[in-house]
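Open the model in your viewer and keep the selection tool at hand.

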Amino acid sequence: MPPKIHPPLAKLPATIPFVAPEHTERVAGRPFEARLGANEGNFGCSPFAIEAMAEAARNDVRNYPDPECFELRQALCAHLDVEMNNVVAGPGIDGLLGYTVRIFSSPGDTILTSLGAYPTFNYHVAGNDRQLHTVPYDEDKEDLAALLDAAQKLCPAILYLSNPDNPMGTWWSAKKIAGFVDALPEQTLLILDEAYGETAFEGTLPPIEPTRPNVLRLRTFSKAYGLAGLRCGYAFGHEDLVAPFEKVRNHFGVNVMAQKAAIAALADQAWLAATVEKIAAARARIAKAAMTQSLQPLDSATNFVTIDCGQDGGFAMDVLKGLMARGVFIRKPMAPGLDRCIRVSAGRPEELEVFELSLSETLDALK
Ligand SMILES: *Cc1c(COP(=O)(O)O)cnc(C)c1O
């Protein structure tokens, strides 16, 4: 008899939440000209983060990283105005989502999310043998009223919400989110994924209240900070929500370069502000390119623009394929109702030029 696989896993298909652009490049036998599909930091990262990484490469990588991420958490505490026991660092939001599902739910528990929301969360739900329940989007936003209704009926162990949202780029005001939190069942943990918190407009992020017993907020250095390859994110909330991470987390999971670069990146808020402006300019340019082609861009509070291609999911898929074939990596929402759209990340002017030309060629070819 071969070694036995944990039965709930044995019945699951192997899954890749996101097919990597590197995979597509290997299959195609050539690199993309513009990488606009993963909402990465196409404007780079703070020069101080680069210097910190170089310094860590010379002096620190031979050693294990600080398993407590002490200095990074200290910097995060100052940034968020919370205490050390309110913050845990981890290998990106993706890694923290896996821990969160393990800590706050049991096999068979119901977990609530929106249909078409962030797939890596769903991946962890399935891999831990929990039951996913979904609520459709309404007018391209996560449907707070319907989520609340489902939460009150189902009393899920966890409710996952991202604000601003991926893949649509839409958002709710801080006030709406606060009202939503107030009405949730006490025993439901809200995971508030703020991967795009840095690009959110004023009045979108609720005040930080680590006294809330059932809200865990997640942020990352992957998007506006431009450090996706480092794998560094953090969770913050009530100390009773943060403490159990010490039971499951990979203690060396935030590597030494990531810790040092994240501290340097966080300290360079001037660089971040300038980058957020570049992102806004790129969003405006993507929106204009879409409108020039009679496509409808959605308003976005993120580092991408979701574009309504005006027809069904099949047509939007053809647009995506046309762009990919012309060397432009993008992605698209797949859920019914959202699948009429493509999603284009904020890129540098030279990348957006390639996008504009390829979009025009693609749509001509589809006529
Ligand atoms: C990009 C993204 C993440 C991934 O963050 P990492 O810190 O790189 O793991 C998580 N959630 C949402 C909604 C995202 O768009």
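Predicted model: local features only at pLDDT ≥ 70, side-chain atom pairs only at ≥ 80, totals over all residues.

**Stop one: a helix pair.** Select helix H5, residues 92-104, and helix H6, residues 119-127. Their axes come within 9 Å and cross at roughly 35 degrees. The crossing of H5 and H6 is right-handed. Now show side chains. On the H5 side, pick Asp94, Leu97, Gly98 and Val101. They meet Thr120, Phe121, His124 and Val125 of H6. By class, this contact has 4 nonpolar, 3 polar and 1 charged residues.

Move to the open sheet of 3 strands, ordered S9-S10-S12. Its pairing is antiparallel. Strands S9 (296-297) and S12 (341-345) are the edges, each pairing on one side only. Select S10, residues 304-308. S10 and S12 pair over 5 bridges. Zoom in on Thr306, which stands opposite Arg343 of S12.

**Stop three: a cavity.** How many cavities of 30 Å³ or more does a search of the whole structure find? The search finds 1. The largest cavity holds about 30 Å³ of space. To find the lining, select Glu40, Gly41, Asn42, Phe43 and Gly44. The lining divides into 4 nonpolar, 5 polar and 2 charged residues.

Definitions and conventions
Residues numbered from 1 in each chain as written. Heavy atoms only, no water. Axes fitted to C-alpha atoms, helices over the stretch in contact; angles between N-to-C directions. Helix = DSSP H or I, 4+ residues; strand = E, 2+ residues; numbered from the N terminus. Left-handed = near helix turned anticlockwise from the far one by under 90°. Contact = heavy atoms within 4.5 Å. Nonpolar A, V, L, I, M, F, W, Y, C, P; charged D, E, K, R; others polar. 1 Å grid on protein atoms, 1.4 Å probe; cavity = no way out; pocket = protein on both sides within 12 Å on 5 of 7 lines; lining within 4 Å. Points joined across faces, edges and corners; volume = space filled by probe spheres on them. Pairing = 2+ DSSP bridges.
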